[in-house]
Structures are given as C-alpha cells and as structure tokens.
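Take a walk through this chain with the structure open beside you.

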Amino acid sequence: MMGDILANALKSVSRKWSRTLLTVSGITVGVTLVVIVSMISSAGKTIVGQELDSMGLGGLSISAENSTASGTRSLNEDNLSVLRQMADIKSAMPLILQYSTSSLRDQTESSLICGIDAGAGQVISLALLHGRLISPGDVSSGAQVCVVDEAVAQAAYHRSNIVGKEITLQLGNGSQRFTIVGVTETGSSLLQNLTEYIPGMLYIPYTTLQTLTGRTTFDQIAVRLKEESDNDTAQQHILQTLDRMAGVSGTFHAENLAVQKERLSGLMDIVTLVLTIISGISLLVSGLGIMTIMLVSVTERTKEIGVKKAIGASRGRIMLEFLAEAVIITLLGSLVGILLGGVIAWAGLSFFGVSVSLSPASIAALIGFCVLIGGIFGVYPALKAARLHPVEALRAE
C-alpha cells in the first residue's frame, strides 16, 4: 500500500514540473542558508579556539601572594617538582620576570625579560618565526642566549629575522651581551595576556637570569593541563597541594585562563544557535509556500479525488497521498540545499584556508527538520482533500 501511495505522490509531483520546481527552490534556498551559516559558524568557532590556544588561553598561571601571616612566600624548585608529578598536569614551567632595558643596534627601550625553561613553546604557547627556542642545554649551562619578540626585531632592523645578532641587557650589576637564537610572533605568549603589553618581550634561560640576579625563586609557574582534566577541580587540587607545602592556606593564586576560553566557546555556541535559528525562519516561510501550493493542488484535483473516493479510496489513503507529496517536495529541497550550501561554504572557507564539514548527525537532523515542516504544513491541505464529499467532488468542474 505504501508503495502505491508513494508512486501516486511522485506522479502528482511530476505533473507540473515548473510549479514543483519553484516550491522545491524555496526549500532549497532555506536549507542552503542554514548549511552556510552552520558551517561558517563552526569554522569561526574552530578558528577562535585555535587562536586562543595559540595565545596560551588553555592553561593556568600559578603565583604566590605578596605576603601572608607567616611572612613572604614564593614559588621554588620544590613546588615545581611536585606540580610536574601531579596527574592532571601535562607540563609545568618556571617563570622569572625582570623589568629592565635592552639595547639592540641603536635602539634602547624598556623590556620585560622572561626567564623560561626548555619546552616553553608547549606551555606558554610561544609561536616561533625564526631560529629556535631555549634548549635544555641552554638551561643546564646557563647560556647567555636570547629569544626576542618580533616587535623588538622590527623596531631595530625593520625585519623579523635577526637570528645571530647580539643584544645587550641590563642585568645584575652591569650590561650583559646575549646572542639572539630565535624570534617569536608578537602577541603569541601567555605572558602578554597576564601583564600589560610591553613592546620588548625577551626570553632567556631561567637559570641564566637566576645567576645574574642572584634569585632562587620563581614569580610564576605556568601550567598546561591535560585535555581530559576538569579545569576547576585541577585548579583547586593544585592550590591545596601548594598551600599544604607552605603550611598556610591562601598562599597561592591561580589565573585560570582555560575558564575564559570555555566561556568564550559557550558564547560562540550561542551565537551559532541564534544565527541558525534566524536562517531557519526561511524554512518556515517555505513551509507556508508548500501549504499554498498543496491547497491549489487540492482545488485542481477535486474531481480526481471524488473519483478515487467513489471507487473505494478511504480518507486515510487520500490524506497519506497528499502528505507524501509535501514530504517528497521538502525532501528534494533539503537534499539539493545541503549539497548546494555545502559546496558554497566549502569553496568560501577553502579560499581562506579553513577546513570544516557538516557531521552526518547534523545532515540527518536538518533533513528530518525539513521533512517535519513538509508534514506539518501539508496536514491542512491533506485533511481538506480527505474530507471532500465524493458526490460534490464529482460535480466539480
């Protein structure tokens, strides 16, 4: 029975191709808009997430309060060793910050000198442009090597690649010459998200900075959490562990940048949902078009409906035929719209070097929603056709 209903529905749809094509086009336009908005929004969320990760917004920055009831507290090697052994922590790195002046070529400016460990790129997200970052050998030997921010290189040489040049830093009791071994992208470091932006960001081995300044403690410990770790739980566990080591509660503070990332990601989800709903309104308009066309079809086929009823067709049979027509129209429109929207969005995003695709679940949900619209807006015309009296229908011209 269902096969006959579908066959009759397809025959009815194909009778007037021009009208069917216009109706299908309305659904196609709506679905195309939904697909394009969804893919662009998904790509935007992916890009923003990657950008936040590159800025270091995926971890914690641990620091000690200036003073407590028991006196001044600071982070040290013991704290670092314990943190590196914790299950939730992927990596941890000491940071020593020193405000000073630097001289490169004929440029002398204020700088923030950052004492870092090897592997800093994975913890504070340094984006290397030229050369290399601080190596384990540099740290163990206390080498006088330096990685500079691109802004420093541009200010002195008007180019970014200045690997091999020497820079003079005011550290300890005098001037110290460092060899530049790498250049990083401006704004890529987590440190520039925690402090007021300073044009001169310089990175040297933390052991070198300790030797030259006589310091044995750290200003901060940058922590990168494991992806499966819960940020709030991990943060609380870290602070409790450090407080227990210090013997005083409230000694340490954590700047949870991962929470900021999650909040922004949630905001992006809301924006995506709103844009999808707005574009989906066009599908409702298309549904009204389907209902109008189906009502016209009922009027045109009144005599045909009367004949079918006269030879034994039930109300349910007539109703299912008209519902099947509405569903077929929306199904065709949704399939063409998904294909067209996917191609347009893919071509546009590929132009900007972004790769994103619709998931099978999203495609199935969109098709299901379109079919549901067709069914809802096809109910009234189908009921009108099913309720026609056979005698009156046969008399219709």
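Asp 117 is buried, with a relative accessible area of 11%. Here, buried means under 20% relative accessible area, exposed means over 50%, and partly exposed lies in between (1.4 Å probe, protein chains only). This is a predicted model: local features need pLDDT of at least 70, side-chain atom pairs count only at pLDDT 80 or more, and totals for chains, interfaces and linings use all residues. Residues are numbered from 1 along each chain as its sequence is written, and side-chain values use heavy atoms, with hydrogens and water left out.

The side chain of Asp 117 meets that of Arg 84 in a salt bridge, 2.9 Å from N to O. Arg 84 sits in helix H3 (residues 77-84) and Asp 117 in the loop between S3 and helix H4 (120-123), so the pair ties together parts that are 33 residues apart in sequence. Arg 84 is partly exposed, at 42% relative accessible area. A salt bridge is a side-chain nitrogen of Lys or Arg within 4 Å of a carboxyl oxygen of Asp or Glu. Helices (H or I, at least four residues) and strands (E, at least two) are DSSP runs, numbered from the N terminus.

By this rule there are four salt bridges. Another of them joins Asp 138 and Arg 132, with the closest N and O atoms 2.7 Å apart. Asp 138 is buried, at 8%. Arg 132 is partly exposed, at 34%. Glu 166 also forms a salt bridge, with Arg 177. Glu 166 belongs to strand S6 (residues 166-171) and Arg 177 to strand S7 (residues 174-184), 11 residues apart. Glu 166 is partly exposed at 41%, and Arg 177 is exposed at 52%.

Now turn to helix H6. Which residues of H6 are buried? They are Val 152, Ala 153, Ala 156 and Tyr 157. These residues cover an arc of only 95° around the axis, which puts them on the same side of H6; the arc is that of the directions from the helix axis to the C-beta atoms. An α-helix has 3.6 residues a turn, so residues three or four places apart point the same way. The buried residues of H6 pack against strands S2 (89-104), S3 (107-116), S5 (145-149) and S8 (200-205). Just after H6, His 158 takes a positive phi of about 60°.

Finally, consider the whole chain. The secondary structure comes to 14 helices and 10 strands. Of the 397 residues, 44% are buried.

Methods
Contact = heavy atoms within 4.5 Å.
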